[in-house]
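Subject: Structure for your files

Dear colleague,

Here is the structure I said I would pass on. My notes follow it.

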Amino acid sequence: MTMTTTAVVPPPTQAGAKGRSRNGLHFLRRWGTIIVIVLVGLLFSKLSPYFPTISNFNNILFSMIVSALVSMGLTFVVAAGSFDLSVGVTVTTVSIVTALLIPYTGMAGGIILALIAACLIGLVNGLLVTYARLSGIVSTLGMMFVLGGINQYLTNGYQVPVAYGEVAFRYIGQGRVGPIAFPVILLALVFIAGHILATRSKAGHYIGAVGDNPMAAYYSGILVYRWVTVSFVLSALFAGIGGIILTSISSSAQPVGGEGYLLEAFAAVFLGATILGKGKPHLLGTLLGVFFLYMVSSGMNMVGISFATRQLFNGLVLILAVGANALLNREEIHLKFI
Amino acid sequence: MSVPLIALLDLRKDFSGVHVLKGIDLAFEAGEIHGLLGENGAGKSTLIKILTGVYAPSSGQVLMDGKPVTIHRPIDAHRLGLGAVYQDSELVGSYTVAENIVLGNEPRGPWINRRRIRAEAVGIMDQIGLTLDPDRPAASLTAAEMQMVTLATLFHRKYRLIILDEPTARLSAPETRLLFQLIARFRQQGISIVYISHRLNEIKELCDRATILRDGMVSGSLQRHEIEEEIVTKLMVNRSMAELDIGNPGLAQDRVVLELDGLTTDRLSPLSLTVRAGEILGITGPLGAGMEQIERSLGGLGAYRGDIRVDGVVRPIRSPHDSRKAGIALIPEDRRKQALFPNLSLAENVSLPAMSELAKLGLIAHAAANAYANSVVQRLAIHPQAPERPMRYFSGGNQQKAVIGKWLKREARAYIFVEPTSGVDVGAIRQIYEIILGLARSGAAVIVISTSVKELLALSETIAVIHHGAISALLPRADCTRDSLLAMTISATAPSVAA
């Protein structure tokens, strides 16, 4: 064990001394984010008696529905190794399409056609990123502006109301089952379906493989372009479901406003990637990430913290989440700056 | 006998007029392990790239089961069942060993059944004798384990011919044992293996037959019992081609410029070397013997212990930036990726490291940069003389000259060349040799790391042979002959050298 030469790089320390701190580190990696979420929850409970109540919990769940759907969709794209900046505007587009179609096609027809429109948006994104070889950021940034324009054309800048008589349609966003809002149940069902898709289906398995090491996936005979495209379709489809629920909640479609979901979604996905120390996006993490953002927002609201501060906090959370994620996936040489 | 699995008929390939393959006739039988030997530049890698669809042959035919096939793209090779394992691992790091082994061939249906995937993978691992925890994430495997798992994935892809390119380069002795067992299982399944290695004892132990390539042609095919060092050496060394009439006249001065003192990495036992001003030290050895560790340490690309001294001063080198500041210039083998900006012009490429010298008041002086680029083009005879042309349009040889050009203004104290003529067209080799000798003449210390014996004999004043991370021979160029040097590199035990 004698070392006659001077050490330029410290030699690896003895395993015994390092073992405990490595275990601690491992524990932090796995549970750190969840501990933070619980601690923040406890802090708000201490600060406001109205925070830890069933009705507030219900409120938080209700307010996060659309954001959660958008974030879950985005999870598939990020898992496939790309970006989708058009998810937010897709919510608005699908919302408008739904509101415009219902008078002509009825509820079922309107919803189905609106979801098909969502899938088409995702399909175009996917084809641009794969066969047309555009980067995910550039092509979906373009799609974001294109959809923004389409939204203006379709609405002339005015909101599109849904007739008061569409009771069944309004139930989607406004109905209740006992104490629970119906859209929260929808969110739970979509989450379960998405979770099964991500963890138990070939689609989810291959999307994860492509995102991790596209070369290995290619050599394994996986159709890489197909699964990247599927991830974009899933992303748009989830955003579309969010758009329909949003239309039902407000009985109308707004010409703008969906963009706001984009940053929340990215924050949730990257925050979610650190949950359970996975270091890569997963749906449960994303859902908890969205919950965390909306819980903090609700708590700050109750404590009386200004909107500006909440905005600032959300930005910091995004940076910290991505930073923590980068720590989880430490590469030897870091030279990627996208 | 039966129809061979793959037969190559008069296969030729030229790159812009340079004939790399000059009519290869070769057959790989089903279920045989076929060794492929040859010096660097003999055409091995071109041949593999044709078989795996990276290059299309200029003329000639590939027959599979006696029928002609076309392999234009990698996917064609994949469909025909021709596969290759390259050095870089092709695994999904976050998936388990089992998931990786079965990836792309999961049981039918839209759903994933992890238990069945695991069972299937365990079955394959049993079949090929691979003992690893199937639930470990691939990212936690060692390089050697990754290679084993990569092989296991091939098994599932139902390949009929697998090309292994220097598979033992990164493996230890027991790992090599395991690899050989794996290969034996592959053969039992009727899969053909093309085994490329510089290590003769491995070829001798493993292969049913061996083919030796020389200068783009088959110089001989040997049966197992014929694979002997003298015969192989004789077939590898190209005597027909006139020796390059270039040689190192002895440029070394007395002053030591570069000193490695007890340089140690996890694949390099303490290694000490000195290079004097004007001296060209050639380093060779089988792939994976540790040569790349010297280059990585000096270039600031990998951690090391021990001292690196330049002009007698210890320089800790932790990053490429440190290396540059210490006056060490590394000219890597993978120039396209590691040393050039393919979309920038030749002028921009060569003037980039010299920017601070060429700048005026902190701003880039374009006129000065262009004048400098022109002087480099003249001095190194870069062809075509088009400083505005994007780098990627230049040939391999001219790209190599441009990398050297990057350093002319800064005047490094020591130059490390790695395979300086790989991918370089024959015509430019001589010019590059003269540039390297010119650097030595101007008083720089030069290390040339190369697997080409011919190259080292042309350039070096001193030659070091490395085996298993240690110097197995260090001798003046004058004491080496082609045969003795080649023998030293392909056999682990260095024979005593007759002067």
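In which strand of chain B does B:Val446 lie? The answer is strand S18, which covers residues 445–449. Please keep in mind throughout that this is a predicted model.

I started with the surroundings of B:Val446. There are 28 other C-beta atoms within 10 Å of B:Val446, and the cut-off for a buried residue is 20 or more, so B:Val446 is buried. Apart from neighbours within four places in sequence, the residues in contact with B:Val446 are B:Ile280, B:Tyr415, B:Ile436, B:Leu439 and B:Ala440. B:Gly396 is 50 residues away from B:Val446 along the chain, and the C-alpha atoms of the two are separated by 21 Å.

Confidence in chain A

Chain A has a mean pLDDT of 88, with 91% of its residues at 70 or more. The pLDDT is below 50 over residues 1–18 of chain A. That stretch has 15 contacts in the model beyond near neighbours in sequence.

Where the chains meet

Between the two chains, 22 residues of chain A are in contact with 23 residues of chain B. On the chain B side, the elements that give two or more residues are strand S11 (256–265) and strand S14 (305–310). The largest share of that side is three residues, and S14(B) provides it. Sorted by class, the side of chain B that touches chain A holds 10 nonpolar, eight polar and five charged residues.

Domains of chain B

How is chain B divided? Domain 1 takes in 6–91 + 141–236, and domain 2 takes in 256–490. The C-alpha centres of domain 1 and domain 2 of chain B are 30 Å apart. Contacts link 13 residues of domain 1 of chain B with 15 residues of domain 2 of chain B. H8(B) supplies three residues to the side of domain 1 that touches domain 2, the largest share of that side. The residues on this side of domain 1 comprise four nonpolar, four polar and five charged.

Helix H8 of chain B

Helix H8 of chain B spans residues 229–236, and its buried residues are B:Val232, B:Thr233, B:Leu235 and B:Met236. Why can these buried residues be said to line one face of the helix? Viewed down the axis of H8(B), they fall within an arc of 165 degrees, so they line one face. The cover over the buried residues of H8(B) includes strand S3 (33–37), strand S9 (209–214) and strand S10 (217–223) of chain B. Helix H7 (200–206) and helix H18 (482–490) of chain B are also included in that cover.

Most residues other than glycine have a negative phi. Two exceptions are worth a look.

A:Asn156 has a positive phi, near 55 degrees. A:Asn156 is in the loop between helix H5 (136–155) and strand S1 (160–161) of chain A. Because A:Asn156 has 8 C-beta neighbours inside 10 Å, A:Asn156 counts as exposed.

B:His468, which is not a glycine either, has a positive phi of about 50 degrees. The loop that holds B:His468 runs between strand S19 (462–467) and strand S20 (470–476) of chain B. B:His468 has 16 C-beta neighbours inside 10 Å and therefore counts as partly exposed.

Regards

Note on methods
Residues are numbered from 1 along each chain as its sequence is written. Chains are lettered from A and ligands numbered from 1 in the order in which they are written. This is a predicted model: local features need pLDDT of at least 70, side-chain atom pairs count only at pLDDT 80 or more; totals for chains, interfaces and linings use all residues. pLDDT is the predictor's confidence in each residue, from 0 to 100. Two residues are in contact if their C-beta atoms, placed from the backbone, lie within 7 Å. Helices (H or I, at least four residues) and strands (E, at least two) are DSSP runs, numbered from the N terminus. A residue is buried if 20 or more other C-beta atoms lie within 10 Å of its own, exposed if 12 or fewer, and partly exposed in between; C-beta atoms are placed from the backbone. Ala, Val, Leu, Ile, Met, Phe, Trp, Tyr, Cys and Pro count as nonpolar, Asp, Glu, Lys and Arg as charged, and the others, Gly among them, as polar. The arc is that of the directions from the helix axis to the C-beta atoms. Domain bounds come from an automatic or database domain assignment.
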